[in-house]
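Hello,

Here is the structure I promised to pass on.

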Amino acid sequence: MNKTSISVVISFLVAGYSFAGGLKGKIKTGNESLSNVVVFLEPEAVTSFSKPKETAVMDQVNLRFVPHVLPVLAGTKVIFPNRDKIRHSVFSVGKVKKFDFGTYPPGTEKSITCDKPGVIPILCYVHHDMSAYIIVLKTPYFSLTSNEGEYTINNVPSGNYKLSFWHEDFEIETEEIFIPEAGKVNKNFVVE
Amino acid sequence: MSKFIRKIIPKPGIQGKLTLIFILLSTLPLILVSIFTVKQQINFKQDENVREMESDIKGLRERTSLFLTRVESEILLVMKSTELKKLLSNLKNNSKIDDKLQQNTEKEFINIVTDNTFYVKIDLLNNRGKEVLSVINDTEKPYAVNRDSLSKSSKNYYVQIARNLKPGEIDLSPSEIRIPNTNTFAPVIDFILPIYDEKEKVSAIVTTKLQAEKLFELLVPSYGSSPKKISIVNGEGYYIFNSERKNNWNSLFTAKNDENLSKDYSDEIAFKILLGKTSTTLYHQDRIIQYSPIFSGSKAKTDRYFIIEDADAEEVMASIDNLKILLIVLILVVTFVSLAVGYLTARQFLKPIKQLIKGTQIIRSGNLDYKLEIATHDEIQDLITNFNQLVVEWKQKQLLEKEVRKSEKLFSSLAQTATDAILETDDKGIAMVWNDAATRIFGFKKEEVLGKNALSLIVPPKYRGIAEKQLSDFLMPDLDDPNGRTVEITALRKDGSEFPAELSISSVSLDDTRYATGIIRDITQRKRMVEEIIEAKEKAEVAYKLKTEFLNQMSHEIRTPLNIILNFSDYIYFDLKEKGLLSDDITQNLKEIKESGDRIIRTVELILCMSEIQTGSYENKPRKTDIYTDVLMKSFSKYQLAAREKGLQLNLDRNTRNSIFNVDPDSVEQVFNHLIDNAIKFTSTGTITIIIDEDEKNNIIVSIKDTGIGISKEYLPKLFEPFSQEQHGLSRSYEGNGLGLALVKKICEMNNVTIEVSSTKGEGSEVKLTFLHDSVLVKPENSLPMY
C-alpha cells in the first residue's frame, strides 16, 4: 500500500455523502510539484468528531518509513509494522508524542495512538537516514499531496473552514475558505 | 582385619600426640602462610592479567578516539576551505549552489575517502537535514552522487543531534546502512559534525559514515597466539567486529542469532555486558571478560558499541596454574618436612622412654645387671638415674634376700649337722632353735623345748637362778656380742643326770629384741682325755729327763776312758819312738787304736750334738762372722793334710769379698768340716774344690765339689735322714754312723742356710750351701721325736 491508495480510500468514503462538497488542487514549489504536503480543513464552528475506528499504518520498508508523512485524525491508532529485512528501533522525541519502541525484529509491529494534535517526527535509532512524520489533526478533512503535488478532500460538509498546509521544509500556511454543499473547490498553491 | 589396621596405624601414643602437636604447630601455620603467599601471588597475577586486559581496552578506546580526531580534523580542514565557506554561505542564503563550487567540494571529500576503505559515505546536509552533497566510497572508486539523485526528504535525526551539540563537539553514534549500490548492509559509525556560522548557529551538518568492522580491523591490534580476543558488539549484542570471524553483512543481524553475545555467553552475562556503563571485569566460568561501552551517545541501546575482551581464564592463568602446582608442592613439601621433623623429634623425645620401657622389660626378665645408659640432660635423665638406682637397690635387696635364705639354709644345715647342741633363746630364755644334737645330748625333743623356757629344762635347779641372771646380764648391754664368750657349765639331761658342758654364748639384736645363741658341747669325754694326756705328759717328761741324763752320763763315761786310752796310746807311741822300739807293726797297731778311738769320740760327739739339738739344749749363737776368713779358711787348713795324705788335691777359690753373715761360726765350721771330711772320705782320686761365691741376691754360696763315688739317684732324697748310708749293714765300705749329714742339715736350718746336693754316680758330688742374705734366724725347735 502506498499513500496514494490511502487518499483514494478517503475520497471514496467522503463521496458517500450527497450534501457535502470538496476541495482539490495542486501544490508546487517553484516549478516543481510538491509532494508530502498535508492539506487539511478545520471547521470554524466547534465540531467534535467521533473516534476513528480505522488504524493508520507507518510501514518500515527498505530502511525507509512509508509513508514519509502520515496525516491522521487525533485518536487514530497508528501501527508500525516492520516489513523490512532488518530490525528497527523507532522512536520520537517530539513534544507531541514521545515514544521509543526499542528494537523490534522484522515481521513484528508496534503501535501508538495519536491523541494530541501536532507533528510527531518519527526516527529510527538504528538507521539515521530514516525519517517520517505523523501529522495529528483535529479534523478528518485532510489530504496528502501526491508525487504530482495533487490533493483532494471529499465529503466536507458545507461551511467555513480554515485551510492549512503542512510540509516538513516549510512553515504552516493558513487561510479561510468556504466549502459549498456540492461541488469541489479547486485551490492550487505555490509555496516558496 | 582390625588387627591389621591397628598394626598399620599406630595407637596415638605420646609419639602420635607429639606429631599431631607438631603438625598443628608447624605444618598448619606453614601451610597457611604458603597458601596465603601463593594466593597473593595468584591474585596479583590475576590482577596483572586483568589490568593488562583493562589497558588493552583503554588502548583501543584511545586509538579509536585518536583516529576519529584525525577524521574530524580532516573534515574540518575541508570545511575551512574557502570553496566550502562559499558553499555554506550560499546554503544560508538559500541561493542556488554553483555547479563548480559543488564539484570542488565533492572533490575535497573524495580526497578524504580515497584509499580509506572504512569510509562509506560523507554527506553534507543543510541545517534542515537535506542532503547538499553526498560522496560515496564505492569499492571501485569514490564518487559524488548526482545532485538530482540526492535524498529529497530531510534527515531529521542529524538535525536533532546537531541541535543538542555545542560548538566543537561531535557525535559518534552507531548506525546501519545499506552499502550504496549493493544489497549489502553494514554497521557504520555515524560521525556527526555540525558546522556553525559566525553566530554559532548550525549552518550545515557533515555526516561521515565509517564502516565499523573495517575501522576496528584497523584499530584492534592483533594479539597473535594470545588467548585474548577482542570483539565489538552493538547495543543488542551482535558482533560488529570479531577477531575470530569475519561477518557476512548480507543480511545484517536479524537472521544471525549465532552472532550474538548470548550465543557465546549466557543471557545473563550478555545482559550484564550490554548494560555496562563503565569498564568492567567479569568472571564467567572459565573466562575472563573485560568490557567497556563506547560511542554511547543516547539512551537507546542501539546507540552504543561495546568493546569486549575475552580470554580463556585457564590460558591467561596458565602461569597461575604453575603457582597452584607450586602451592601444592610447597604444601606437600612443608607437610612432609614438618611431618618428618615432627616424627623424628617426637621419636627423639620418646627414644629414652622407649629405652626405658625396653630396659624395664629386660630387668623384669631378670637381668638386674642391665643399666640404662641414656644421656638426655633433662627430666628423663633424672628418671633414668632414679630408675637405675632403684634397680641397683632392688638387686642389692635380692642379693641380700638370697644371702639371707642361703644363710638360713646354711645355718639350719649347720645347726642340724653340728655335733654340739645349738640353742637360741630370746632375752626371757624362751627357746627358738633346738637342733638334733641338742636332742641327742639333752634327750629333749625339739617340740618339748621350742617356745618354752630353756633354762628351766637344761640347767640344774641349783644353778637356775644364777643362769637366768647371767643370761639377762649378758643380754643387758645394747651392744651385740657376736664373738660371745665360752664358759664351762653344768648341764641337766632329761633323765636328770648332770654333765659338764662347754657353753659358747653370743648375742644378737633383731628388731629390738635381743637373742642369745648358745652352743653347748658335752665335754665329759674331753675332760677325761685331758686328764689322761696330762698324766702321759708328766710320764714322758720324766722319761725324757732320764734319757738325757743317761746320754750325758754315757758320753761322759765313754769319752773320759776313751780319752785316757788315746792319750796313753799316744804316750806309748812317743815313748817307744823315743826309745827306738817302735816297729812298723806297733806303729800300725797304735795308729789303728788312735783312729778307732777318734771314731768313737766323733760318734759320741755327734750323738751328743744331735741329742742337744733334739732336746733343745743346743746353743746356736749367731753373730757377725766372715764366712771365708773365720770359718772356711779354718776348715780348709784343718783338712789340707788329710787330703794330701790321701793323695787328693783340696782347692779353695774365693770369688767374692762380701762374705760377712750373721751365723754361729762354730756350728757353721762343724758343717764345713763334715762336708769336707765326707768329700775326702768318698773320694779316692782327684780334686776337691771349695768355691765361695755370691749370687745376684747377695746370698753367699759355698760349693764343695768332689770327684768321688757320687750318690745314686735313689739315695739322694734320703741323704739327710739320720743313720743313713747308701750301703747298710756290715758290708759297707765306708765307716760312719750316718748322723753327720742329718746334723749338717739341722745346723744349716738353724743358721738359715739351705743345702742342696747334686751328684752323678761314679763321677762325683757337689754340695751347695746358700747363706740366705736377709733371713731371720730360727731358734732350734723341740719338735722332733727323740731317738
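How many salt bridges are counted between chain A and chain B? The count is five. Please keep in mind that this is a predicted model.

**The interface**

Chain A brings 24 residues to the contact and chain B brings 30. About 2200 Å² is buried between the two chains, and carbon and sulfur atoms give 49% of that area. Arg87(A), His128(A) and Asp129(A) supply 30% of the area that chain A buries against chain B, more than any other three residues. Arg87(A) also forms a salt bridge with Glu176(B), with the closest N and O atoms 2.6 Å apart. By class, the side of chain A that touches chain B has 12 nonpolar, seven polar and five charged residues.

**Lys155(B) and its partners**

Lys155(B) meets Asp129(A) in a salt bridge, 3.5 Å from N to O. Lys155(B) sits in the loop between strand E3 and helix H5 of chain B, and Asp129(A) in the loop between E12 and E13 of chain A, so the pair joins two chains. Lys155(B) counts as buried, at 2% relative accessibility. Asp129(A) is partly exposed, at 27%.

Lys155(B) also forms a salt bridge with Glu131(B), at 2.3 Å from N to O. Glu131(B) lies in strand E2 of chain B, so this pair ties together parts 24 residues apart in sequence. Glu131(B) is buried, at 11% relative accessibility.

These residues belong to a network of salt bridges that links Asp129(A), Lys121(B), Asp123(B), Glu131(B), Lys155(B), Asp190(B) and Lys209(B).

Best wishes

How values were computed:
Residues numbered from 1 in each chain as written. Chains lettered and ligands numbered in written order. Predicted model: local features only at pLDDT ≥ 70, side-chain atom pairs only at ≥ 80, totals over all residues. Heavy atoms only, no water. Contact = heavy atoms within 4.5 Å. Buried area = accessible area lost by both parts, 1.4 Å probe. Salt bridge = Lys/Arg side-chain N within 4 Å of Asp/Glu carboxyl O. Nonpolar A, V, L, I, M, F, W, Y, C, P; charged D, E, K, R; others polar. Helix = DSSP H or I, 4+ residues; strand = E, 2+ residues; numbered from the N terminus. Buried < 20%, exposed > 50% of the residue type's maximum accessible area, 1.4 Å probe, protein only.
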